[in-house]
Amino acid sequence: MIIYGGSGGIGFATGKILASRGYDLHLVGRSEDKLAASAAELGASFTVGDVTDSDLFARVEKDAGEAVDGLVYAVGTINLRSFQRLTDVDFLNDFRVNAVGAALAVQACLAALKRSSGVASVVLFSSVAAVQGFSLHASMGMAKGAVSGLTLSLAAELAPKVRVNAIAPSLTRTPLAQSLLSSEQMAGAIAGLHALQRLGTAEDIASLTAFLLSEEADWITGQILSVDGGRSTLRTKN
Ligand SMILES: NC(=O)c1ccc[n+]([C@@H]2O[C@H](COP(=O)([O-])OP(=O)(O)OC[C@H]3O[C@@H](n4cnc5c(N)ncnc54)[C@H](OP(=O)(O)O)[C@@H]3O)[C@@H](O)[C@H]2O)c1
């Protein structure tokens with residue numbers, strides 16, 4: 001299994017579940033130190049690189065081995081700014097890291113995914129911001145909406161040999177969300193907007209990721225599944 005972002009909050013939590021189930025893991029990320037530490041804990045191999053560098057994907061394909069049973073793309077941005085302050089650099093970077101990177105990661109490993117002895121599984125990450133409108137989220141909504149569209153298109157084009165699904169989390173306590181959660185008061189206020197009255201944890205998201213990668217999910221493809229404490233669908237106070 002390849003985990004882009006395998007040293008991050010959700011990617012590493014997913015790696016822990018998969019390692020405990022005996023899967024071979026290959027991690028990808030920018031910081032060699034973080035990757036080496038995560039890989040040592042999970043018994044994984046790794047490739048160091050930035051998803052905005054197109055050469056990375058061929059290196060991952062080469063390093064990950066002949067056949068690949070699953071690919072997780074748990075890399076992303078949280079770039080929240082008023083619409084007036086967003087520049088073309090913001091829009092293009094968010095699109096590149098969240099959406100184009102996911103497409104290139106799958107494309108580079110497609111032959112290896114098709115060589116899986118079973119049905120291979122890809123898990124991408126969309127966001128609650130792609131299904132519900134929030135202010136300050138114009139660039140994120142665009143980028144994550146593209147991931148949802150990519151998920152559906154790939155699920156159709158790669159069936160029946162490869163399943164493709166996405167998870168759409170709400171705010172989850174990981175390093176990515178750190179800047180939003182540095183004040184406990186703010187974290188509590190955001191948690192209170194969720195029907196389940198808390199923020200997500202990396203483990204909340206990783207358990208569904210691991211399920212989607214497993215044979216138990218062998219008849220699930222083309223789905224964008226919300227793991228969001230009810231944020232996208234429920235309103236408990238008026
Ligand atoms: N946390 C949330 O609230 C939340 C909400 C909705 C959606 N999501 C989505 O869930 C996914 C996982 O997020 P997370 O919260 O687990 O993030 P995270 O804790 O920040 O982890 C991100 C991982 O990706 C790697 N990474 C970041 N930028 C990279 C780049 N340009 N090239 C290569 N590797 C890169 C990081 O390692 P290095 O820094 O060493 O590169 C790290 O391993 C993302 O797609 C995110 O958008 C998260």
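What do the buried residues of helix 4 pack against? I looked this up first.

The model is predicted: local features need pLDDT of at least 70, side-chain atom pairs count only at pLDDT 80 or more, and totals for chains, interfaces and linings use all residues. Residues are numbered from 1 along each chain as its sequence is written.

Entry 1, packing. I found strand 1 (2-4), helix 3 (55-64), strand 4 (70-73), strand 5, helix 5 (138-158) and strand 6 (162-169) packed against the buried residues of helix 4. Helices (H or I, at least four residues) and strands (E, at least two) are DSSP runs, numbered from the N terminus. Buried means 20 or more other C-beta atoms within 10 Å of the residue's own, with C-beta atoms placed from the backbone. Among the buried residues of helix 4 I noted Asp94, Asn98, Gly101 and Cys109.

Entry 2, strands. I saw strand 4 pair in the parallel sense with strand 1 over 3 bridges and with strand 5 over 4 bridges; pairing takes at least two DSSP bridges. Ile2 stands opposite Leu71, and Tyr73 has Leu124 as its bridge partner. Gly70 and Val72 point one way from strand 4, Leu71 and Tyr73 the other, and all are buried.

I located Phe125 in strand 5 (residues 120-125). Phe125 counts as buried because 24 other C-beta atoms lie within 10 Å. Asn98 is 27 residues from Phe125 in sequence but 8.0 Å away in space, C-alpha to C-alpha.

Methods: Buried ≥ 20, exposed ≤ 12 C-beta atoms within 10 Å, placed from the backbone. Contact = placed C-beta atoms within 7 Å.
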